[in-house]
Amino acid sequence: LKKMGKYSDIIDVYEACLKLKDDNLAKYYYLYARLYRDELCDYQRSEIYYRKCLAIDSKFDGVNGSYAHCLYLMGKYEQAVHYLRIACKLDPHNLWTYYYYAITMQQVRNYLEADLALQKAISMFKKSCGSDYKNAELLYKNMVTHLAKT
């Protein structure tokens with residue numbers, strides 16, 4: 001549906017999922033938040049769904065870093081720092097968390113911490129991709145929309 005640009009259909013699916021009230025509710029809110037952040041660029045609505053996900057499960061896979069990126073896009077840098085620090089603790093091997101942490105720390109003018117986070121992200125990228133340029137290209141293509149916004 002996403003590739004066909006049928007966002008209203010996707011919204012209908014997520015709304016139906018949210019009514020299920022099953023064990024995947026945090027996941028549904030997370031995916032809904034990502035839809036509004038990444039595809040519809042409605043950061044305020046995205047924030048609503050991130051908060052609902054966090055209220056259900058504050059350690060849900062990737063939600064802290066993802067929410068922090070939304071906050072960054074909204075210019076709420078201090079709040080983003082808070083969630084990025086949590087994300088770094090919960091998933092210390094996520095290179096994109098450290099990349100977002102670096103650019104957010106630049107915004108709050110903590111250049112030393114920004115540099116350290118960027119070096120860590122680059123180190124992780126090199127370790128993850130090595131000389132596998134196809135993997136590096138896949139990582140880049142996956143993030144190109146985010147990189148354009150940052």
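**Entry 1: basis.** I am working from a predicted model, in which local features need pLDDT of at least 70 and side-chain atom pairs count only at pLDDT 80 or more, while totals for chains, interfaces and linings use all residues. Residues are numbered from 1 along each chain as its sequence is written, and side-chain values use heavy atoms, with hydrogens and water left out.

**Entry 2: count.** I looked up salt bridges, meaning a side-chain nitrogen of Lys or Arg within 4 Å of a carboxyl oxygen of Asp or Glu. The count comes to 5.

**Entry 3: D38 and its partners.** I found D38 in a salt bridge with R34, at 3.2 Å from N to O. Both residues lie in helix α2 (residues 25-39), 4 residues apart, about one turn of the helix. Helices here are DSSP runs of H or I with at least four residues, numbered from the N terminus. R37 also meets D38 in a salt bridge, at 2.5 Å from N to O.

I then checked burial (buried is under 20% relative accessible area, exposed over 50%, partly exposed in between, with a 1.4 Å probe and protein chains only). D38 is buried at 13%, and R37 is buried too. R34 is partly exposed at 30%.

**Entry 4: R85 and E113.** The closest N and O atoms of this salt bridge are 3.7 Å apart. The pair links distant parts of the chain, with R85 in helix α5 (residues 77-90) and E113 in helix α7 (residues 111-129), 28 residues apart. I noted R85 as partly exposed at 40% and E113 as partly exposed at 24%.

**Entry 5: network.** Through shared partners, salt bridges join R34, R37 and D38 into one network.

Notes
Helices (H or I, at least four residues) and strands (E, at least two) are DSSP runs, numbered from the N terminus.
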